[in-house]
Amino acid sequence: MALVLLVAALMLATTANAELMIRVTKGTGEAVPVAVVPFAESGDLPAGDDISTIVRNNLEMTGEFTPLSAERMLSLPSSGDDVFFRDWRMLGQRYLLVGNVTREGDRVRARYELFDVNSEQRMLGETSTTSVNNLRTLAHHISDKVYEALTGEPGVFSTRLAYVTLDEHEGSPRYRLQISDVDGRRASVRLESREPIMSPAWSPDGKQLAYVSFESGRPEIFVHELATGKRTVVASYPGLNSAPDWSPDGRSLLVTLSRSGNAEIYRLDLDSRSLTRLTDHWGIDTEGEWHPDGDGLAFTSDRSGGPQIYIKDSERASPRRVTFGSRYNARPRFSPDGEYIYYVHQRDSGFHIARTELDSGDEQVLTRTGSDESPSIAPNGRMLIYATRQGNDNVLTVISTNGGAAYTLPAANGDVRDPAWSPVLR
């Protein structure tokens, strides 16, 4: 019953349509100082999308870095030949990024160099180009390269977010499925409906979304090709059709169906549309999540008396319970390496995001904002996004996966929820 109420609450929640804004709310105590010098510019560049500013903001929002303000810089070098490392050491900087941007017809070329200030060694030096109207994409690409050089982990600034919003239009609800950059910019509406849209899930290649839509008056699962806008109903069985999750090879979906009278997890082959039932219990089984290696899955079940997370190590294996820390644990999400499971966790009358290390069983509560739901993990495993309440609004919040840094993505007007972080886009 608790899971049924959870589904109903998600369907009735109100959200609003708008481009998201970013607001950094918490950094880590060990953030690394880095100086991103304003890039020198040549030619007529579009206003509003300054590459070095975007790179600086991207690094700051991870909470792992503390960018130096331009006002404190003693000089503004645009290449390594102009750098006096002593000045940057005096300012307490660990790393330094310099560069220049040049317009050449309808193209823009950016040259940039990253230095270790203490060793005075160049860590990265590249030239990248893009069309004149695509500076944000170029800035996110540079951010990814810099982040990987500094941390050894791939950056996720070129990935995308999917989320659902809702506003009122002439007295009627208007749901919108939207996609934006990870900083909330360049939001675009991909589907609009008077009926609820829920549970967006990215295909492994980032070219499609699966989601639940009630536009026919009942829940159906769609697959949506983002490039063409083509939409296909893939599950429209009697009863519940919900919680799609793509297999790592992109050939099938985990779905929750009640076609047999009870909510169970099925594997839906997208080519043949054949179904394989993966759970069989009198309790409610829902919210299936493939293991990153594709061999097993996690899901939520109330078979023990309340919602808890279970794992099947293969499709034919018996389920084993992995959460025990409270009476309510739901919406499982694996870390990309499969070492952790993240989920919604109830404690002290509030709902938080927690994680359990699967080998040890150690549980860590990551958030304390009280009404947290819908976690989604970044493809590099370093951050996660979830929906929560902030005052009277629903917002999206991004935190590091150890619970440290955080930034929020509120809508300019109203609320937003049900986020899904895309894979790395090629």
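Predicted model: local features only at pLDDT ≥ 70, side-chain atom pairs only at ≥ 80, totals over all residues.
1. Leu96. This residue lies in strand 5, which spans residues 95-104. Leu96 has 0% relative accessibility and therefore counts as buried, the cut-off for that label being under 20% relative accessible area.

2. Surroundings of Leu96. Apart from neighbours within four places in sequence, Leu96 is in contact with Ala35, Val37, Val83, Trp88, Glu113, Leu114, Phe115 and Val117. Val233 is another matter: 137 residues separate Leu96 from Val233 along the chain, and their C-alpha atoms are 50 Å apart.

3. Met198. Strand 11, residues 197-202, holds Met198. The relative accessible area of Met198 is 9%, so this residue is buried.

4. Helix 2 and helix 4, geometry. Two packed helices are described by the angle between their axes and the distance between the axes. Helix 2 (residues 51-61) packs against helix 4 (residues 135-151) at about 45°, and the axes are 9 Å apart. Because of that angle, helix 2 is oblique to helix 4. The crossing of helix 2 past helix 4 is right-handed.

5. Helix 2 and helix 4, residues. On the helix 2 side the contact is formed by Ile51, Ile54, Val55, Asn58 and Leu59. Their counterparts in helix 4 are Leu135, Arg136, Leu138, Ala139, His140, Ile142, Ser143 and Val146. By class, the residues of this contact comprise nine nonpolar, three polar and one charged.

6. Four strands form an open sheet in the order 23-24-25-26, and the pairing is antiparallel. Which strands stand at the edges? They are strand 23 (329-334) and strand 26 (363-365); each has a single partner strand, so one side of each has no neighbour in the sheet. On average, neighbouring strands of this sheet are turned by 30° against each other, with direction ignored.

7. Strand 23 and strand 24. Strand 24 covers residues 340-347 and pairs with strand 23 in the antiparallel sense, over four bridges. In strand 24, Ile341 is the residue opposite Phe334.

Note on methods. Residues numbered from 1 in each chain as written. Heavy atoms only, no water. Helix = DSSP H or I, 4+ residues; strand = E, 2+ residues; numbered from the N terminus. Buried < 20%, exposed > 50% of the residue type's maximum accessible area, 1.4 Å probe, protein only. Contact = heavy atoms within 4.5 Å. Pairing = 2+ DSSP bridges. Axes fitted to C-alpha atoms, helices over the stretch in contact; angles between N-to-C directions. Parallel < 35°, antiparallel > 145°, perpendicular 65-115°, else oblique. Left-handed = near helix turned anticlockwise from the far one by under 90°. Nonpolar A, V, L, I, M, F, W, Y, C, P; charged D, E, K, R; others polar.
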